[in-house]
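Trainee: I would like to learn how to read a protein model with care. Could we go through one together, feature by feature?

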Amino acid sequence: MNFEIPTGLTDLLQDFTVAVLKERPPNLKQFAADYFAKLNEQNNEEEDDDKPRGVRFGGSPNPEPMQTEDDEDSDEPMEPPTRGFTRRQSVSAERYDPADDEDLDEKVVYPKTDEQRQRLNEAVKHILLFRSLEPEQMQEVLDAMFEKKVLPDEHVIDQGDDGDNFYVIDSGKYDIFVNGNLVGNYDTNGSFGELALMYNMPRAATIVATTEGTLWAMDRQTFRRIVLKTAFNKRKMYEQLIEGVPVLKALEIYERQNVADALFSKTFEEGSCIIKQGDDADCMYFIEDGECRVTVTNKADPSGEEVEVKRYNKGGYFGELALVTHKPRAASVYAVGRVKVAVLDVQAFERLLGPCMEIMKRNIDEYEEQLVQLDLVDAKPR
Ligand code: 1OR
């Protein structure tokens, strides 16, 4: 059955989900009722009013960071702050349309020494959001980044604030707080601060340096001009794929977005070998389109015939076993017709799929049983 997704539904639900993640309301239904009622109220007000409210992404050639109504709380808070979504409801009600963005902003170049350039190159190597940039775009990104030194206990970002920069970690450790609770940390690599710039919403978390450190920062306009469109579309595209993969349901929205940043697509023609039994493994695959068949060589005749043991279709995944067991590929996988897969490399797998590991391991136990039943491997002693 085909369903048509109404325009705006994804954005609406995404904004709502982000608000839930930020607020962690004790009563979700009540929160949802209030949230949508306020959104509706505000939309009605906007219709009655010619003047634009809030700030539209891409709406002006040189947009200022989002304005807040309350300036009295600009002092550095002692605790990671918590603020309600209502403060920024006009922003969360906005829809971002990358097509609105015009390349009107000036290029920014921060001159760098060779030593700085080298450090920056190293720091951006594994930044998922930069993955699909063209070489010229990447060059612009490198030019536009500026160095920022931080001290222990320094708040790099405060939850609820306006989004100014996107940050890539060069060195140092950083704690992540949401609503005052420590929810994670960064240790000498990674990046943060993209959410507020991508979705035009207040900062979703507080980031505090726990050591001295160095960050590379990129201003909001440059991020929007170079990184946003590609990254936004990529998230959208893979978020849909991720929705259709049951094993990834265990991920929170923020984790799904990171997985979306990390994926890249590859197409295999009919009959081509995607995975070869015995090879070393460096990635896993999710089927975007098409069908794959899995074959195993009989234990008694390793050089002999391959036996088909399984087929995978859209929404299926494979190639995770070797990444979990750190052993060579246990089976071969071939394309049945043309197949499009999304590939996740081992580093991203290890960093991002922790929450899915239980389900994957359960499925892995099932492989073992199937192979034993087919008499292709010896049963493991229990
Ligand atoms: P930002 O622009 O909102 C704070 O500024 C940044 O912290 C945010 O972008 C992310 O880059 C980063 N939830 C939301 N933002 C997070 C999270 C996070 N972790 C890091 N950031 N969660 C923690 C996941 C370990 C989910 C908590 C429910």
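**Reading surface, burial and helix packing**

Mentor: Let us begin with the surface, keeping in mind that this is a predicted model: the accessible surface of the protein comes to about 20,400 Å², and 49% of that area belongs to carbon and sulfur atoms.

Trainee: How many helices and strands are there in the protein?

Mentor: The protein has eleven helices and 14 strands. Of its 382 residues, 46% are buried, and among the contacts with a separation of 6 or more, 77% are accounted for by residues 24 or more positions apart.

Trainee: How should I read two helices that pack together?

Mentor: Two packed helices are described by the angle between their axes and by the distance between those axes. Take helix H4, residues 114-124, and helix H5, residues 135-144, whose axes come within 11 Å and cross at roughly 125°. That angle makes H4 oblique to H5, and H4 passes H5 in a right-handed crossing.

Trainee: Which residues of H4 and H5 make the contact?

Mentor: From H4 the contact draws on Arg 117, Leu 120, Asn 121 and Val 124, while H5 brings Met 138, Gln 139, Leu 142 and Asp 143. Sorted by class, the contact of H4 with H5 has four nonpolar, two polar and two charged residues.

Trainee: What is the handedness of the crossing of H5 and H7, left-handed or right-handed?

Mentor: The crossing of H5 and H7 is left-handed. The axes of H5 and helix H7, residues 220-243, come within 10 Å and cross at roughly 145°. On the H5 side the contact is made by Gln 137, Glu 140, Val 141 and Ala 144, and on the H7 side by Thr 222, Arg 225, Ile 226, Val 227 and Thr 230. These residues of the contact of H5 with H7 divide into four nonpolar, three polar and two charged.

Trainee: At what angle do H7 and helix H8 pack?

Mentor: H7 and helix H8, residues 253-262, pack at an angle of about 110°, with their axes 8 Å apart. Since angles of 65 to 115 degrees count as roughly perpendicular, H7 and H8 are described as roughly perpendicular to each other, and their crossing is right-handed. H7 contributes Lys 234, Arg 235, Tyr 238, Glu 239, Ile 242 and Glu 243 to the contact, and H8 contributes Arg 256, Gln 257, Asn 258, Val 259, Ala 260, Asp 261 and Ala 262. By class, the contact of H7 with H8 holds five nonpolar, two polar and six charged residues.

Trainee: Where is Asp 158 found?

Mentor: Asp 158 is found in the loop between strand S2, residues 155-157, and strand S3, residues 165-171. With a relative accessible area of 8%, Asp 158 is buried too.

Trainee: How many residues apart in sequence are Asp 158 and Thr 206, and what is their distance in space?

Mentor: Asp 158 and Thr 206 are 48 residues apart in sequence, and in space they are 4.3 Å apart, taken from C-alpha to C-alpha.

Terms used: Residues are numbered from 1 along each chain as its sequence is written. This is a predicted model: local features need pLDDT of at least 70, side-chain atom pairs count only at pLDDT 80 or more; totals for chains, interfaces and linings use all residues. Side-chain values use heavy atoms; hydrogens and water are left out. Helices (H or I, at least four residues) and strands (E, at least two) are DSSP runs, numbered from the N terminus. Buried means under 20% relative accessible area, exposed over 50%, partly exposed in between (1.4 Å probe, protein chains only). Contact means heavy atoms within 4.5 Å. Accessible areas come from the Shrake-Rupley method with a 1.4 Å probe; for residues, only the protein chains shown count as cover. Axes are lines fitted to C-alpha atoms, for helices over the stretch in contact, and angles run from 0 to 180 degrees between N-to-C directions. Angles under 35 degrees count as roughly parallel, over 145 as roughly antiparallel, 65 to 115 as roughly perpendicular and the rest as oblique. A crossing is left-handed if the near helix is turned anticlockwise from the far one by less than a right angle, and right-handed if clockwise. Ala, Val, Leu, Ile, Met, Phe, Trp, Tyr, Cys and Pro count as nonpolar, Asp, Glu, Lys and Arg as charged, and the others, Gly among them, as polar.
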